[in-house]
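Let's take a walk through a protein model together. Have a look at the picture first, then read on.

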Amino acid sequence: MSSYYKNNENKNNNGNKFKNFEFIVLSIVLIGLLLQIINFILLGGIPLFSGFLKAEAATKIWLFSYIFFIIGINILLAKYNRKIYYLLLIIGLGLFSLTGYRTTPMAILLSSFITLYYSRNLKIKYQILFGIIIIFLMTIIGFIAVQSIEWQHWRLNALELISYRAGFTINILDRTIPLAGSTQGELFYYTLTGFFKSVDPRVLVGQAVLGENHSITSTIFGPAILDFGWIGMSIQMFLIGFILKMLFIIQKHLKSIATAIYGIILGQTLIWIETGPTDIIVWFFYILGIITIIYYIYKIDYIYNLENYYKL
């Protein structure tokens with residue numbers, strides 16, 4: 001099914017002029033970068049080096065800048081083989097690392113790696129390079145951000161901090177099991193609405209599990225167990241697996257934008273394993289994935305007939 005689309009994309013990539021769609025997507029990426037710079041200006045500093053600024057960094061401007069950039073850069077990487085887009089990826093990675101959050105640069109790296117892996121013959125040396133950068137960012141950003149929190153004093157080094165964080169998160173999951181169903185959907189409700197009401201669902205996890213007003217991660221299973229018990233968690237995992245599998249099948253045959261969307265959602269889900277599904281942004285991407293599945297199922301007869309026509 002993919003021969004027509006691959007040949008068509010190769011023709012586009014070999015051209016020197018920007019196509020209309022490519023120009024639009026490139027503009028979206030640049031707008032995302034610009035919004036992030038504006039966010040830093042309005043904050044009055046770099047959140048990575050200040051706990052107070054980091055607490056204020058997740059603004060609506062930040063949200064839109066992240067959505068624009070991660071979607072745009074993955075589409076560019078999937079459809080157009082231009083070296084300039086790798087430079088934009090590095091610039092965006094640097095800007096989002098300065099927010100002090102590990103999840104956003106990690107998601108950008110993971111999604112772009114997955115997109116390139118499935119859309120190009122990514123050499124093993126580049127796969128290793130991506131792995132090294134991911135581990136480096138996960139270690140350094142988290143360590144610098146923690147050391148910059150003015151009201152906390154940590155004695156752990158960067159590697160010890162990762163081990164502590166992993167052990168603590170597993171411990172929180174262990175404590176959620178006896179509390180199955182205790183929050184009765186409150187976490188999911190505030191995951192969808194909390195960003196606009198200044199309510200952090202992870203703080204609700206801290207209140208429910210520890211009785212403290214602290215932002216707590218509880219793995220991909222924790223929030224669903226707290227909200228809806230084991231049945232709810234099982235339904236959540238089935239839906240996540242089903243959507244990812246459908247997107248994988250679609251992108252395997254069609255590549256292009258479908259691969260970019262699959263890369264974004266799979267990258268975000270991998271991060272979910274530790275942080276849990278308590279961010280509205282990830283549910284937004286899953287809705288985008290469902291729309292993609294419905295669109296390609298609706299268009300499957302047209303695509304099949306079109307490819308058969310070009311094979312004649």
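## Two helices side by side

Keep in mind that this is a predicted model. Start with helix H12, residues 256-275, and helix H13, residues 280-298: their axes come within 10 Å and cross at roughly 145°. Why give those two values? Two packed helices are described by the angle between their axes and the distance between the axes. As for handedness, H12 and H13 make a left-handed crossing.

So who does the touching? On the H12 side, you'll find Ala258, Ile261, Ile264, Ile265, Gln268, Thr269 and Trp272. H13 brings Val282, Trp283, Phe285, Tyr286, Leu288, Gly289, Thr292 and Tyr296 to the contact. Sort the residues where H12 meets H13 by type and you get 11 nonpolar, four polar and no charged.

## Two salt bridges

How many salt bridges turn up in the whole structure? A search finds two.

One of them pairs the side chains of glutamate 22 and arginine 82, with an N to O distance of 2.5 Å. Glutamate 22 sits in helix H2 (residues 20-43), while arginine 82 is in the loop between helix H4 (60-79) and helix H5 (83-97). The two are 60 residues apart, and the pair links distant parts of the chain. Are they buried or exposed? Both glutamate 22 and arginine 82 are buried.

Arginine 202 and aspartate 279 form a salt bridge too, and their closest N and O atoms are 2.8 Å apart. Arginine 202 belongs to helix H10 (residues 201-209) and aspartate 279 to the loop between H12 and H13, so this pair ties together parts that are 77 residues apart in sequence. Aspartate 279 comes in at 25% relative accessibility, so it counts as partly exposed.

## The whole chain

Now zoom out. What is the protein chain built from? It has 14 helices and zero strands.

The protein chain has 312 residues, and 46% of them count as buried. Look at contacts with a separation of 6 or more, and 72% of those in the protein chain come from residues 24 or more positions apart. Finally, the accessible surface of the protein chain comes to about 16500 Å², and 67% of that belongs to carbon and sulfur atoms.

How values were computed: Residues are numbered from 1 along each chain as its sequence is written. This is a predicted model: local features need pLDDT of at least 70, side-chain atom pairs count only at pLDDT 80 or more; totals for chains, interfaces and linings use all residues. Side-chain values use heavy atoms; hydrogens and water are left out. Helices (H or I, at least four residues) and strands (E, at least two) are DSSP runs, numbered from the N terminus. Buried means under 20% relative accessible area, exposed over 50%, partly exposed in between (1.4 Å probe, protein chains only). Contact means heavy atoms within 4.5 Å. Accessible areas come from the Shrake-Rupley method with a 1.4 Å probe; for residues, only the protein chains shown count as cover. Axes are lines fitted to C-alpha atoms, for helices over the stretch in contact, and angles run from 0 to 180 degrees between N-to-C directions. A crossing is left-handed if the near helix is turned anticlockwise from the far one by less than a right angle, and right-handed if clockwise. Ala, Val, Leu, Ile, Met, Phe, Trp, Tyr, Cys and Pro count as nonpolar, Asp, Glu, Lys and Arg as charged, and the others, Gly among them, as polar. A salt bridge is a side-chain nitrogen of Lys or Arg within 4 Å of a carboxyl oxygen of Asp or Glu.
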